[in-house]
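Subject: A structure for you to look at

Hi there,

Here is the structure I promised to pass on. Have a look at it first, and then read on for my notes.

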Amino acid sequence: MTTASITNNRTTNDYIVNNNSVLACHDLRKIYHEGPQDLTVLDGINLSVNSGEQIAIVGTSGAGKSTLLNMLGGLDTPSSGRVTIAGEDVTHLSEKKRGVLRNRYLGFVYQFHHLLGEFSALENVAMPLLIRGEKIAVIEELAQAMLAKVGLAARAEHKPAELSGGERQRVAIARALVAQPQCVLMDEPTGNLDHHTKESIHELMLELNQQLGTSFIVVTHDAALAERMDRKLILVDGQLSEG
């Protein structure tokens, strides 16, 4: 499996995105203007993520890990620098065009599963494909298959309130993967789970990575999960370094 290339504080001319890169950022900065002082959260981050990689990003609370993940996913705009998804610079695209790229190339999993309570597990998993406009027959087949991959084929018609915490997170992972994205961004995916359930989610992520070749970028305080990734990066003072 290939590794990510990462540098900090390099010039534009020094920065080269690997041809295998599915997601990258160049000289990424995020500065919040609060009263007379500026708060720099991200300070010139360069990161290139190759196909099939599993990367953990760790750091103290408030270090900017979720901010970085939102920037990489095109959910927030940087103060300067750029983000490329599948080689396309998304920094100055309209929200509609960024949404199309996210739907096509990225998946998202959060600490809180964010499932839609009025819909079944199958319907929740199907949402990215519905947004994409796939045919209903194709959607149902792919959603059923993905639920089976996460071990929830028998729970397809159950609503989130009828599922355990671990089952809800498995549904969220299935939803993130159903459209076969190149990269899945995960923000504390095991943060609210007990030890046994965390272990099962860890194993599931590793298995799906090997089966599907999907890249994972995981923001986490879970040391055990971080150590199982291909690479661990630490966010300190707005910059990434090898862990």
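Before the first residue, one cut-off is needed: a residue counts as buried when its relative accessible area is under 20%, and as exposed when that value is over 50%. Please also keep in mind that this is a predicted model.

Let's start with Ser 120. Is Ser 120 buried or exposed? Its relative accessibility is 5%, so Ser 120 counts as buried. You will find Ser 120 in the loop between β7 (106-110) and α3 (121-132). Which residues does Ser 120 touch, once its neighbours within four places in sequence are set aside? They are Ala 156, Glu 157, His 158 and Lys 159.

Now zoom out to the whole protein. Its secondary structure comes to 7 helices and 11 strands. Of its 243 residues, 49% are buried. If you take the contacts with a separation of 6 or more, 72% of them join residues 24 or more positions apart. The accessible surface is about 11,500 Å², and carbon and sulfur atoms account for 49% of that.

Next, the empty spaces. Rolling a probe the size of a water molecule over the atoms shows where such space is left. The largest pocket holds about 410 Å³ of space. Its lining is made up of 17 residues, and those nearest the centre are Asn 103, Phe 108, Pro 128, Ile 131 and Arg 175. Two or more lining residues come from each of α2 (95-105), β7, α3 and α5 (165-177). Sorted by class, the pocket lining has 10 nonpolar, 5 polar and 2 charged residues.

There is also 1 cavity of 30 Å³ or more. The largest cavity has a volume of about 50 Å³, and the residues lining it include Met 71, Asp 76, Val 90 and Arg 98. By class, that lining has 4 nonpolar, 3 polar and 2 charged residues.

Last, the cysteines. A disulfide is a covalent bond between the sulfur atoms of two cysteines. How many disulfides does the structure hold? The count is 0. Cys 25 has a relative accessibility of 1%, so Cys 25 counts as buried. Cys 183 is at 0%, and therefore Cys 183 counts as buried too.

Enjoy exploring!

Best wishes

Notes
Residues are numbered from 1 along each chain as its sequence is written. This is a predicted model: local features need pLDDT of at least 70, side-chain atom pairs count only at pLDDT 80 or more; totals for chains, interfaces and linings use all residues. Side-chain values use heavy atoms; hydrogens and water are left out. Helices (H or I, at least four residues) and strands (E, at least two) are DSSP runs, numbered from the N terminus. Buried means under 20% relative accessible area, exposed over 50%, partly exposed in between (1.4 Å probe, protein chains only). Contact means heavy atoms within 4.5 Å. On a 1 Å grid over the protein atoms alone, a cavity is a set of points where a 1.4 Å probe fits but cannot get out, and a pocket is an open set with protein on both sides within 12 Å along at least five of seven lines; lining residues have an atom within 4 Å of a point. Grid points are joined across faces, edges and corners, and a volume is the space filled by probe spheres set on the points. Ala, Val, Leu, Ile, Met, Phe, Trp, Tyr, Cys and Pro count as nonpolar, Asp, Glu, Lys and Arg as charged, and the others, Gly among them, as polar. A disulfide is a pair of cysteine sulfur atoms within 2.5 Å. Accessible areas come from the Shrake-Rupley method with a 1.4 Å probe; for residues, only the protein chains shown count as cover.
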